[in-house]
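Take a look at the model below. Keep the sequence at hand as you read.

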Amino acid sequence: MAASVLVPTVVSPEVVSLYIPAIFTGLLVGLIGLLAISYQKNDLHALILTDIVSLGMLILVAAVGTDLAEALILPGLVVELAEILAISEILMSREMRKMDKTVELIPLPLSFNMEILDTAPTFLAIILIIYGAFLSGFTGGAIAGGGILFYVLSKMTRGVPSNTWEGVAGASGIAWCLWIVGFLIFFVAPSYWLLALFLAAFGIFIKVAFKVGLIGVIGREEFKKDKE
Amino acid sequence: MKLGRIWNSLATPKNIPKVFSIILGLVLLAGFIVPLTYNDHQLYPRPTPQLQISEKDPLAPYNRGGIPLEEPGIVKAQYPQFAPSEGMVTGYLSPIAIGVSNTTLYFGTSIYSSPGGLIDEILYYSRGFDTILESSILMMAFVIASWVALHFTMRRREE
Amino acid sequence: MDLATLGGQFLGTIPLGDIVLYLTTFNLFMFGAALVFTAIIAMSRTESQVEAEFGTLNEREKKVSKDEFKIRRFLSIVCGLATAGAMITGDLFNFTLFVCLIGIVNIGIVAAVKEVDVLDSAFQYGIIAMIATLPLFGGAASILATTGTISLLELVNIPTSAFMLFSSILLFIGVAGESGVAPFFATKAEMFRTAGSPFLVIIHLSSLLVIVRTIEILLIINKPFGV
């Protein structure tokens, strides 16, 4: 196949002509979100509206339209998710202190007590985890983490020992170190790039999967206390 | 008198996000007036949309050439001299990926391609330091959220 | 203009693929200062705050529990390292990610407190930090679009355009929001009303160093003193 079909020397005119409309869209989305934030009266609304603002950010990055832009979107997205995770937890802790009431971490309207929740989760979770391991990388991590989350959320009858949390969190930290080792091998010993690639891909996979799974472990602890 | 009131409202934490979003909104409005320029000599350019798909390429739109483990793909990085094995990750396909791409024309648009492939080249190799920071941001957010949850949201019941 | 005009002597680079860290006298000094301060913080213990009660002769002592002490020290060390990294990075997008890491860790250092007021200002600060990702990443992406590069070593040689100026203003607002400087300082000032120095001091130091570094980067991009 011709090299120009694979990688052109300049960005194609179609992408260039789309740049200005895309930037305007991004600015408009950002403006709508900002306008709403300056009017809102509720802290929870502000938290949700920041998501619209970050959508504008993603459009601004994507407007560049190169492979680099595609790779830069991922950090933007993850930063946004990470911040919303930490800040919503702070908001919850503040509200609980203010009102002196407690809430469940993951409130469910029904007491899920169905036969299918005992039998199906194991099978589905195993399929999701195997598929995630097969994909590796970020997507694999998200899918496997979804599997763990699903398993833990549906099987809430049995409690988890308190040190499970610390164990899983520790493994996730070690996976992060694997990923850094992989990154360094790329530069220290370029001939072992394949090893580095697999270290990085599976380090990220384990880390993301466990992070998503840990949400489930918190939820399960909470359920266990409710049952007592 | 009026200025004093403005200073006072700036000292109330609750008002700060509003003030910030108004200032940012005004600056964004200026973005509609500024002449936008786009340099078409970009790093890591990608082919015209739909071009590789009309060529019936199973790896479309992420085919950047190269033979797995032998020949590097084409990557236009900023500093090729600092990345000795550049293009190898892009060119790499796992055995399963090769198998799947022989059976379907739509391999590139699925999410089978990891590890190896274009995004992994940029995310893990040439701009890998960004991913280290990004995953540590995720980790810090988790440390904060889980610490708050474990120590306050849950322990409060025992207090 | 080259990097030596602003930063003093150019001492060398640390290449990591496309992301090249560079050292000049100026940013090496700030890098060292951030590292030394982090080392001091890592070895120190927290103060305990003593408040006199109104109307009586009693006083109230607020101590930081061991668990809280550990997490705060950990987050402060991360904050110090991120600040040090932001000082020497030679890539615009990398810099914005360092700033985001500093922002989220700053929230974390005060997230462990029990006062409702402090939690409230931490939350408001978090909201600003989230809004600030739009100008931060948006500005960096616009600079990438209009110049075709985000490496500071290349941006030095590219003449300025109006769009680059606009992107730099966006970038500055982003950093200002993320590190909580001048007009948006109230949320951060409220966060200091809790026990736990010296870990709170690293929040101050990091935003100070980041702002100085941002101004240097903006001068590199916009070249007000001629090419």
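This is a predicted model: local features need pLDDT of at least 70, side-chain atom pairs count only at pLDDT 80 or more; totals for chains, interfaces and linings use all residues.

Residues are numbered from 1 along each chain as its sequence is written, while chains are lettered from A and ligands numbered from 1 in the order in which they are written.

Start with chain C. It has 10 helices and 4 strands. Helices (H or I, at least four residues) and strands (E, at least two) are DSSP runs, numbered from the N terminus. Along the sequence of chain C, the pattern reads α-β-β-α-β-β-α-α-α-α-α-α-α-α. Chain C has 227 residues, and 55% of them count as buried. A buried residue has 20 or more other C-beta atoms within 10 Å of its own, with C-beta atoms placed from the backbone.

Now move to chains A and B. Their contact takes 67 residues from chain A and 68 residues from chain B. Two residues are in contact if their C-beta atoms, placed from the backbone, lie within 7 Å. On the side of chain B that touches chain A, α7(B) gives the most, with 17 residues. That side divides into 39 nonpolar, 16 polar and 13 charged residues. Here Ala, Val, Leu, Ile, Met, Phe, Trp, Tyr, Cys and Pro count as nonpolar, Asp, Glu, Lys and Arg as charged, and the others, Gly among them, as polar.

Chain A also touches chain C. In this contact, 33 residues of chain A meet 26 residues of chain C. On the chain A side, α2 (13-39), α3 (43-62) and α4 each give two or more residues. α4(A) gives the most, with 17 residues. The chain A side has 21 nonpolar, 6 polar and 6 charged residues.

How do α4(A) and α5(C) pack, and at what angle? Helix α4 (residues 67-99) of chain A and helix α5 (residues 116-131) of chain C pack at about 155 degrees, with axes 9 Å apart. That makes α4(A) roughly antiparallel to α5(C), a term for angles over 145 degrees. Axes are lines fitted to C-alpha atoms, for helices over the stretch in contact, and angles run from 0 to 180 degrees between N-to-C directions. Residues of α4(A) in this contact include A:Ile84, A:Ile87 and A:Leu91. Among those of α5(C) are C:Leu119 and C:Phe123. By class, the contact of α4(A) with α5(C) has 10 nonpolar, 2 polar and 6 charged residues.

Definitions and conventions. Angles under 35 degrees count as roughly parallel, over 145 as roughly antiparallel, 65 to 115 as roughly perpendicular and the rest as oblique. A residue is buried if 20 or more other C-beta atoms lie within 10 Å of its own, exposed if 12 or fewer, and partly exposed in between; C-beta atoms are placed from the backbone.
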